[in-house]
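Please look at the sequence and the model below before reading on.

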Amino acid sequence: AAHAAKRASALVAMSRQRGGDFQADGGDHVSDDEDDGNAADDGTSFLSAGRRATRVAPGIPAEPQDMLGVLKQEVEALQKQERDSEGHLKQLFVKEFQQGAKRRSVLLAHQRVLNATRTGLT
């Protein structure tokens, strides 16, 4: 409740600096000096408007500490993905290297046989 009151006070101050207007969530234009005659709007206070205007965009936390937490989680996820990718690439390299070493030894053995055959023919 105290947090909502602080946010509402900030919205009121911002509203006064802008001549009474501010944007609530969803793009609703709210003015404290306009009355459109709608009775449903008469009960809306800045406290309730402040609760509706807590997020900058859907899925993005409005509080800096929350944003830092989300960013930290994303960085940790990227680091884990990097480690996993590096491990996978290392496994692929080792596998290919071992296959290449076997292929080389087979080719060298075949070359020795061919050289022996050539030596026997001359």
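Which side chain meets D84 in a salt bridge? The partner is K80, at 2.9 Å from N to O; a salt bridge is a side-chain nitrogen of Lys or Arg within 4 Å of a carboxyl oxygen of Asp or Glu. Side chains of opposite charge can pair when their charged atoms come close. By this rule the count is 1 salt bridge. Both residues lie in helix α3, 4 residues apart, about one turn of the helix.

The model is predicted: local features need pLDDT of at least 70, side-chain atom pairs count only at pLDDT 80 or more, and totals for chains, interfaces and linings use all residues. Residues are numbered from 1 along each chain as its sequence is written, and side-chain values use heavy atoms, leaving out hydrogens and water.

The chain holds 3 helices and 2 strands, in the order α-β-β-α-α from the N terminus. Helices (H or I, at least four residues) and strands (E, at least two) are DSSP runs, numbered from the N terminus. Of the 122 residues, 11% count as buried. Buried means under 20% relative accessible area, exposed over 50%, and partly exposed in between, with a 1.4 Å probe and protein chains only.

| Residue | Relative accessible area | Class |
|---|---|---|
| K80 | 46% | partly exposed |
| D84 | 43% | partly exposed |
| F97 | 54% | exposed |

F97 belongs to helix α3, which spans residues 64-121.
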